[in-house]
Every structure is written in C-alpha cells, then in structure tokens.
Amino acid sequence: MKTIQDILVVDDDSATVEFLIRALHCQGYLCCAAYDGESALLAITTARPALVLLDLHLPGLTGLDVVAQLSRHGLSHVPVILMTADAAAATQLATARFPEYILKPFDLDELLACVARYVRPRRRYARSHTAQPSIRSSNDKW
C-alpha cells in the first residue's frame, strides 16, 4: 500500500527543502522531498501527495514541465504551488493565471497560509515549555 504524504517539496536547493520540510513538520504536515523534476514525477505517483510545492527552475524537467506531465498522466487534480525567485517568471505566471505561485524569498506565514488552503495538518504540537523551539521569528523571510 502506498503511503499518503501531505506535501511533496521539490527544489534543487537542499537548504530550501530542509527548511520547508522542517517548517511544515512543525505545523503538523507529513512531507517528502525531491530535488529535480524527474524525481518529483516519481514521488507524486508513489507518495501520492495532497499538495506539491514545486520550484519553477529545476535541472532537467522544469516546474512547468512537471505540471504539463501531471496533466498528461491524468494527475492534473494534484494541486501545485510553484515557487520562484524570478520576478519576471512570477509575472508570467500571474498573466497566465497559474492558480498558485509564490515569489522567493517568501514570507513563511504567507506560504503556510497558502498551504493551508489545500491541506490540513495531521497534528499540532502542544505549546508548552517542552514544545519544539521556534524556527523563525514572525518577520523572517526565506
């Protein structure tokens, strides 16, 4: 039986992937990672994520290539939030009316709000003196 993950994080920058997975895990999401477009497609079919956070500029298949492949494989129902540091690309995504994208460096609270529109966390950490330390201040951007 396949394991259902909440979120697949796809970026060729391992520091970004690690940061996002840690931040999402602290919010109660289960995550898996991929570092290129080909691995992302494989992970989508095996991990069955409820949401994909997908970098636009990846080695090999780009984020838009992955989105196109999802449609060809009957997986267009999987929600995708594209991430990009390229302001011109973000403008093109907006012009093309791509449903969800976020510009890097992103505000983590904004990203979490965007994620929450698609996926509910599985668990919440109790806020107490034994809780996980905060990974950021409310003004941090990644």
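I began with Asp-11, and its relative accessible area came out at 1%, so I put it down as buried. Buried here means under 20% relative accessible area, exposed means over 50%, and partly exposed is in between, with a 1.4 Å probe and protein chains only. This is a predicted model, in which local features need pLDDT of at least 70 and side-chain atom pairs count only at pLDDT 80 or more, while totals for chains, interfaces and linings use all residues. Residues are numbered from 1 along each chain as its sequence is written, and side-chain values use heavy atoms, with hydrogens and water left out.

**Salt bridges**

Which residue does Asp-11 form a salt bridge with? I found Lys-104, with the closest N and O atoms 2.6 Å apart. For a salt bridge I need a side-chain nitrogen of Lys or Arg within 4 Å of a carboxyl oxygen of Asp or Glu. Asp-11 is in the loop between strand S1 (7–10) and helix H1 (14–26), and Lys-104 is in the loop between strand S5 (101–103) and helix H5 (108–116), so I was looking at a link between distant parts of the chain, 93 residues apart. Helices (H or I, at least four residues) and strands (E, at least two) are DSSP runs, numbered from the N terminus.

Lys-104 counts as buried too, at 17% relative accessibility. I then saw that Lys-104 also forms a salt bridge with Asp-55, the closest N and O atoms being 3.1 Å apart. Asp-55 lies in strand S3 (residues 51–55), so this pair ties together parts that are 49 residues apart in sequence. Asp-55 and Lys-104 are both buried.

The search of the whole structure gave me 3 salt bridges. One of them joins the side chains of Arg-117 and Glu-100, at 3.2 Å from N to O. Arg-117 lies in the segment after H5 and Glu-100 in the loop between helix H4 (87–95) and S5, so the pair ties together parts 17 residues apart in sequence. Is Arg-117 buried or exposed? I get exposed, with a relative accessible area of 54%, whereas Glu-100 counts as buried at 12%. Shared partners join Asp-11, Asp-55 and Lys-104 into one network of salt bridges.

**Helix H5**

Next I checked H5, where Leu-108, Leu-111, Leu-112, Cys-114 and Val-115 are buried. They cover an arc of only 160° around the axis, so they sit on the same side of H5; the arc is that of the directions from the helix axis to the C-beta atoms. I looked for what covers these buried residues, and the list includes S1, H1, S3, strand S4 (80–84) and S5. At the start of H5, a side-chain oxygen of Asp-107 reaches to within 3.2 Å of the backbone nitrogen of Asp-109.

**Cysteines**

How many disulfides does the structure hold? I counted 0, taking a disulfide as a pair of cysteine sulfur atoms within 2.5 Å. Cys-32 is in no disulfide, and the nearest cysteine sulfur, that of Cys-31, is 7.5 Å away. Cys-32 counts as buried at 17% relative accessibility, and so does Cys-114 at 4%.

**Whole chain**

Last, I stepped back and noted 5 helices and 5 strands. From the N terminus on, they run β-α-β-α-β-α-β-α-β-α. Of the 142 residues, 41% count as buried.

Technical notes
Contact means heavy atoms within 4.5 Å. A polar contact is a pair of N or O atoms within 3.5 Å; within protein, one must be able to donate a hydrogen and the other to accept it, and residues adjacent in sequence count only if both atoms are side-chain atoms.
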